[in-house]
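Hi,

Here is the structure you asked about. Please open it alongside this note, which goes through what turned up.

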Amino acid sequence: MAMLRIDVLTIFPEFFTEVFEFGIIRRAKLAGIVEINIHDIREFATDKHKMTDDRPFGGGDGMVMKPEPIFAAIQNILGTTDQAEYPEGTRVVLLSPQGRPLSQPLAQQLADETTRLVLICGRYEGVDERVNERLVTDEVSIGDYVLSGGEPAAIVIADAVIRLLPAALGSETSAENDSFSDGLLDCPHYTRPADFMGMKVPEVLLSGDHAEIAKWRRDKALEKTRSVRPDLLKGENGDM
Ligand code: ADE
C-alpha cells in the first residue's frame with residue numbers, strides 16, 4: 001500500500017498535538033497510509049542558548065530563522081542536505097507567503113508523487129534564504145494573507161494531501177466530486193428532512209431521475225462559481 005511519511009519542522013511542536021487526531025487523517029494514520037512526525041527545530045540548535053533566530057543582516061525589524069538548526073534537522077530526517085541525494089519521492093516544502101499558491105492540482109500532485117513530505121514552518125520575519133536555496137524543493141503559500149507562522153499552513157497542506165491518498169477517503173468517488181476537482185465550486189447539498197421550517201429541498205433531488213439530478217448539480221455548481229469565483233471560469237468555456 002502507498003505510504004506517505006510527513007515530517008514537520010516547527011519551533012512550536014505543541015501546536016500539532018491534537019490536530020491530526022480527527023476524521024480522515026486519524027483513520028489514514030491508523031491504517032498506515034500516512035505517518036506524521038513533528039520535530040522541534042530548537043532541539044537541533046547548536047549554541048548553548050538553543051537559538052533558532054537572529055537579527056537580520058542589513059538591519060530592520062524582526063528576527064530571521066537561523067539556517068544551522070534547519071540544516072541539522074534536514075540532515076537528521078533525510079540523511080543528507082544535498083537535494084540530489086534526497087530519497088526518491090522527497091519534497092521539502094517551505095511554507096511562506098512568498099510561495100506559489102497551494103491549489104487542488106498541487107495537492108493532487110503531492111499525493112500522487114510524494115513518499116517523503118517535509119514541511120518547514122517559517123516564523124518571524126522570515127527564514128534565512130540559504131534554507132530556500134539549498135534545502136527547499138517547493139516554496140508554498142496557502143493564500144494572499146500573512147499568518148504569524150507557517151504552522152497553520154502546514155496543517156492545511158497536510159490535510160489537503162492526506163485526504164487525496166488512495167484509500168484515505170471512504171469512497172473513491174467522494175474526492176472526484178470535490179470543489180475544484182473539475183475546476184468548479186461544489187453544488188449545494190441537502191439531507192433530511194425534505195421540509196425544514198418551510199424550506200424545501202429542491203424537487204429534482206427527490207425525483208430519482210439521476211440524469212436530471214446530475215444536470216441540476218452541474219448547473220448549480222456553474223451558477224455558484226460564476227457568482228462567487230468567476231476567475232475560475234476564465235480561460236475555460238465560461239458560457240458552459
Ligand atoms: N506563513 C505566513 N503566511 C503564510 C501563508 N499565507 N502561506 C503559507 N505560509 C505562511
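**Salt bridges and burial**

Asp7 counts as buried because its relative accessibility is 0%. Buried means under 20% relative accessible area, exposed means over 50%, and partly exposed is in between, with a 1.4 Å probe and protein chains only. This is a predicted model: local features need pLDDT of at least 70, side-chain atom pairs count only at pLDDT 80 or more, and totals for chains, interfaces and linings use all residues. Residues are numbered from 1 along each chain as its sequence is written, and side-chain values use heavy atoms, with hydrogens and water left out.

Asp7 forms a salt bridge with Arg116, at 3.3 Å from N to O. This pair links distant parts of the chain: Asp7 is in strand E1 (residues 4-10), Arg116 is in strand E6 (residues 116-121), and they are 109 residues apart. A salt bridge here is a side-chain nitrogen of Lys or Arg within 4 Å of a carboxyl oxygen of Asp or Glu. Helices (H or I, at least four residues) and strands (E, at least two) are DSSP runs, numbered from the N terminus. Arg116 counts as buried because its relative accessible area is 14%.

Asp7 also forms a salt bridge with Arg5, where the closest N and O atoms are 3.0 Å apart. Arg5 is partly exposed, because its relative accessibility is 24%.

By the same rule, the count comes to 15 salt bridges. Another one joins Lys200 to Asp195, with the closest N and O atoms 3.4 Å apart. Salt bridges that share partners also join Arg91, Arg100, Glu113 and Asp138 into one network. Back to the Lys200 pair: Lys200 is exposed, at 60% relative accessible area. Asp195 is partly exposed, at 39%.

**Strands**

How much of E1 is buried? E1 is mostly covered, with 6 of its 7 residues buried. E1 pairs with strand E2 (residues 34-40) in the parallel sense, over 7 bridges. Two strands pair if DSSP finds at least two bridges between them. One place to look is Leu4, whose bridge partner in E2 is Val34.

There is also an open sheet of 3 strands, in the order E3-E4-E7, with mixed pairing. Its edge strands are E3 (53-54) and E7 (126-127), and each pairs on one side only. Strand E4 (residues 64-65) and E7 run parallel and are joined by 2 bridges. Met65 stands opposite Val127 in E7.

**The largest pocket**

The largest pocket has a volume of about 430 Å³. It is lined by 26 residues. Which of them lie nearest its centre? They are Leu95, Ser96, Pro97, Gln98 and Gly126. Strand E5 (90-101), E7, helix H4 (129-134) and strand E8 (138-141) each supply at least two residues of the lining. The largest share comes from E5, with 5 residues.

On the terms: the search uses a 1 Å grid over the protein atoms alone, and a pocket is an open set of points where a 1.4 Å probe fits, with protein on both sides within 12 Å along at least five of seven lines. Lining residues have an atom within 4 Å of a point. Grid points are joined across faces, edges and corners, and the volume is the space filled by probe spheres set on the points.

**Surface patch and backbone**

Phe196, Met197 and Met199 make a nonpolar surface patch of about 380 Å². Patch residues have over 30% relative accessible area and no salt bridge, and nonpolar side chains (Val, Leu, Ile, Met, Phe, Trp, Tyr) are joined within 5 Å. Areas come from the Shrake-Rupley method with a 1.4 Å probe; for residues, only the protein chains shown count as cover. Met199 sits in strand E10 (residues 199-200). Met199 is exposed, at 52% relative accessibility. Met197 is exposed too, at 70%, and lies in the loop between E9 and E10.

Most residues other than glycine have a negative phi, and most peptide bonds are trans. Met197 has a positive phi, near 50°. Lys50 has a positive phi as well, near 55°. Lys50 lies in the loop between E2 and E3 and is partly exposed, at 37% relative accessible area.

The peptide bond from Arg192 to Pro193 is cis, with omega near 0°. Pro193 is in the loop between helix H6 (172-176) and strand E9 (195-196).

Best wishes

Key. Patches are made of residues with over 30% relative accessible area and no salt bridge: like charges are joined within 9 Å, nonpolar side chains (Val, Leu, Ile, Met, Phe, Trp, Tyr) within 5 Å.
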